[in-house]
Amino acid sequence: MKRPTCGVLMGELLKVVLLLTAVGVSPGVMGDCGGTYLDAKGTITSPGYPNNYPMNQLCVYTIKASPDTRIKFWCEEMKLQESVGCTKDWLMVNGVYVCGKTKLRDVYGQGELKVEFRSDNKIKAPGFLCHYERVTGTDYEEQLTNTLTASSTTGLRYDAPCECAKVIQKNEWRGNFQSDLVITVPKATTSWSICLRFSQPISNLRVWIANPSTTTGRTVTLTNKSYNGNQAQGSILKIDFIVSYTGVKPAVTSLTFNGSPLCLQ
Ligand SMILES: [Ca+2]
């Protein structure tokens with residue numbers, strides 16, 4: 001009975017030694033939980049990749065270059081536990097949280113890029129395999145909408161915890177309900193469009209501070225009025241609307257803001 005215990009202990013000891021060896025060592029040792037990466041290019045993975053990552057991990061990967069150098073970061077493989085709003089396991093770069101199979105591609109940092117990986121206390125998965133490299137040239141543009149290949153709208157969020165969009169019902173009467181759509185603007189913009197998808201077709205929509213593309217059906221795009229297109233990052237956009245319906249009451253099931261999916265709370 002003692003041997004297996006000893007075996008486990010030796011295994012743990014070996015892991016500690018390996019971890020200690022890895023600390024401060026330059027880049028790309030597969031399976032490190034975070035570290036500082038100084039090479040011109042390299043690879044980072046979740047701990048233990050391609051085997052399942054352990055639970056309760058919080059790994060910070062700091063990729064550094066000189067202040068005038070840009071760093072490009074992208075993911076080749078992503079297999080994290082998926083959760084609505086990515087509240088369980090997630091990878092975060094530049095304030096964007098992804099989970100499930102949502103791959104980040106071509107995220108840029110100037111001089112430094114911080115990548116965080118978190119796993120909670122239940123359910124493991126194989127994790128991520130991502131690469132970085134220093135880049136030169138003038139084609140640099142940080143475009144959140146171009147950095148994601150979303151497998152679904154649940155595999156993504158913009159801040160922690162999931163508070164980026166809420167639909168708050170204020171009134172309800174036969175065949176109608178009135179709600180506020182509350183969005184925390186993820187990125188400064190001079191114009192906006194919000195695509196709303198309902199679980200059931202709606203028969204009428206009334207909205208006052210946005211122009212609806214249609215007032216019936218399951219999908220509606222709301223665009224800004226001339227006076228409220230300008231929105232700072234983090235500002236709160238509250239849109240009052242009334243939906244009419246026949247039959248089953250519709251609910252907002254997903255939405256995008258300027259093309260990027262937002263989680264719903
Ligand atoms: Ca988990």
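How many bridges join strand 13 to strand 14? The legends below refer to a predicted model.

**View 1. Hairpin of strand 13 and strand 14.** Eight bridges join strand 13, residues 165–173, to strand 14, residues 176–184, and the two run antiparallel. One of the bridge pairs is A165 with I183 of strand 14. Two residues lie between the strands of this hairpin, and G175 in the turn has a positive phi of about 75°.

**View 2. Open sheet of four strands in the order 2-10-4-8.** The pairing in this sheet is antiparallel. Strand 2 (41–45) and strand 8 (107–110) are the edge strands; each has a single partner strand, so one side of each is left without a neighbour in the sheet. On average, neighbouring strands are turned by 25° against each other, direction ignored.

**View 3. Pairing of strand 4 with strand 10.** Nine bridges link these two strands in the antiparallel sense. K72 has E133, in strand 10, as its bridge partner.

**View 4. The largest nonpolar core, with 27 residues.** Residues with the most contacts inside this core are F73, W90, L91, V93, V98, L113 and V115. At least two core residues come from each of strand 3 (58–64), strand 4 (70–79), strand 5 (90–93), strand 6 (96–98), strand 9 (112–118) and strand 10 (127–135).

**View 5. Surroundings of V93.** Leaving aside residues up to four places away in sequence, V93 touches F73, L104, V107, L113 and V115. Among the residues with the most contacts inside the largest nonpolar core are V93 itself, F73, L113 and V115.

Methods
Residues are numbered from 1 along each chain as its sequence is written. This is a predicted model: local features need pLDDT of at least 70, side-chain atom pairs count only at pLDDT 80 or more; totals for chains, interfaces and linings use all residues. A nonpolar core is a set of buried Ala, Val, Leu, Ile, Met, Phe, Trp, Tyr and Cys residues joined through C-beta atoms within 7 Å. A residue is buried if 20 or more other C-beta atoms lie within 10 Å of its own, exposed if 12 or fewer, and partly exposed in between; C-beta atoms are placed from the backbone. Two residues are in contact if their C-beta atoms, placed from the backbone, lie within 7 Å. Two strands pair if DSSP finds at least two bridges between them. Axes are lines fitted to C-alpha atoms, for helices over the stretch in contact, and angles run from 0 to 180 degrees between N-to-C directions.
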